[in-house]
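Colleague: Please show me the model, and then let us go through it question by question.

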Amino acid sequence: NVIDAHVKDASLSWGERSIALDDEKLGDYREGEAVLLVRPEDVELERDDEPGCLPALVTEIRYLGDHFEVILDVGGVELKGVVSNERMSRMRWAAGEKAGVRLSRYNWFPAREGLDAVKERLKNLGYIE
């Protein structure tokens, strides 16, 4: 997941959602564009009323054999997550349902030189395609 975001007041926001940043990368970068990277396996899906979760909408579910890929709308931005077969059989999410999302790990990069330049650098480093 590669998301165009914005940093302001030590928060990283995209669409209608934001997360607090307590990170050495923040440094003196108080406001500006950023790129948020989240691996699908680091997108934790919960019930929509779970405290501390970002509100989301399940838009699509794809069965991929040993797991499910869940496509979510998180603040107007598409986010892909991975859910194990065992967890899916217990929780039984369906397209059209509300869900809660927790990002267990993520990386972000300030885009001082603009989003396109940061994305090009990330491609060259092999982080994104």
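Predicted model: local features only at pLDDT ≥ 70, side-chain atom pairs only at ≥ 80, totals over all residues.

Colleague: Which residue follows α2, and what is its phi near?

Modeller: Helix α2 covers residues 115-125. The residue that follows α2 is G126, and its phi is positive, near 85 degrees.

Colleague: Why do the buried residues of α2 line one face of the helix?

Modeller: The buried residues in α2 are L115, V118 and L122. An α-helix has 3.6 residues a turn, so residues three or four places apart point the same way. Seen down the axis of α2, the buried residues line one face because they fall within an arc of 70 degrees.

Colleague: Which strands do the buried residues of α2 pack against?

Modeller: The face turned away from the buried side carries D116 and N124, which are exposed. The buried residues of α2 pack against β1 (2-8), β4 (31-37) and β10 (107-110).

Colleague: How many residues are in the second, separate core?

Modeller: Start with the largest nonpolar core, which has 30 residues; L12, W14, L72, V101 and W108 touch the most other members. Strand β7 (residues 67-74) gives the largest share of this core, 4 residues. The second core is separate and includes V35, L115, V118 and I128; its count of residues is 8.

Colleague: Which residues does L72 contact, leaving aside neighbours within four places in sequence?

Modeller: L72 is one of the residues that touch the most other members of the largest nonpolar core. In soluble globular proteins, nonpolar side chains tend to be buried together. With the neighbours set aside, the contacts of L72 are V43, L45, A56, L57, V58, T59, V77, E78, L79 and V101.

Colleague: Which residue in the turn of the β7 and β8 hairpin has a positive phi?

Modeller: β7 pairs with strand β8 (residues 77-84) in the antiparallel sense, over 8 bridges. Between the two strands of this hairpin lie 2 residues. The turn residue with a positive phi, of about 65 degrees, is G75.

Colleague: Which residue of β8 stands opposite F68, and is F68 buried or exposed?

Modeller: F68 has a relative accessible area of 17%, and buried means under 20%, so F68 is buried. In β8, the residue opposite F68 is V83.

Colleague: What is the angle between the planes of Y63 and F68?

Modeller: The count of aromatic pairs comes to 1. Y63 is exposed because its relative accessibility is 55%, whereas F68 is buried, at 17%. Y63 and F68 form a tilted pair, 5.1 Å centre to centre, with an angle between the planes of 55 degrees.

Colleague: Which backbone oxygen does the side chain of R17 reach?

Modeller: R17 is in strand β3 (residues 17-20). With a relative accessible area of 18%, R17 counts as buried. Apart from residues up to four places away in sequence, R17 touches L12, L54, P55, V74 and G75. At 3.0 Å, the side chain of R17 reaches the backbone oxygen of P55.

Colleague: What is the bridge partner of E44 in β9?

Modeller: Strand β9 (residues 98-103) pairs antiparallel with β5 over 4 bridges. Strand β6 (residues 54-63) is also antiparallel to β9 and is joined to it by 4 bridges, and L54 has V101 as its bridge partner in β9. For E44, the bridge partner in β9 is R102.

Colleague: How far apart in space are R102 and E50, C-alpha to C-alpha?

Modeller: R102 counts as partly exposed, at 27% relative accessibility. Its side chain reaches the backbone oxygen of P51 at 2.9 Å, and E50 is among the residues in contact with R102. R102 and E50 are 52 residues apart in sequence, while their C-alpha to C-alpha separation in space is 9.6 Å.

Colleague: Which side chain is joined to that of E46 by a polar contact of 3.1 Å?

Modeller: E46 is found in β5 (residues 43-46). At 15% relative accessibility, E46 is buried. E46 touches C53, R87, W93, A99, G100 and R102, with residues up to four places away not counted. The side chain at 3.1 Å is that of R87.

Technical notes:
Residues numbered from 1 in each chain as written. Heavy atoms only, no water. Buried < 20%, exposed > 50% of the residue type's maximum accessible area, 1.4 Å probe, protein only. Polar contact = N/O pair within 3.5 Å; in protein donor to acceptor, adjacent residues only side chain to side chain. Contact = heavy atoms within 4.5 Å. Pairing = 2+ DSSP bridges. Core = buried A, V, L, I, M, F, W, Y, C linked by side-chain atoms within 4.5 Å. Phe/Tyr/Trp six-rings, centres within 6.5 Å; stacked < 30°, edge-to-face > 60°. Arc of directions from axis to C-beta.
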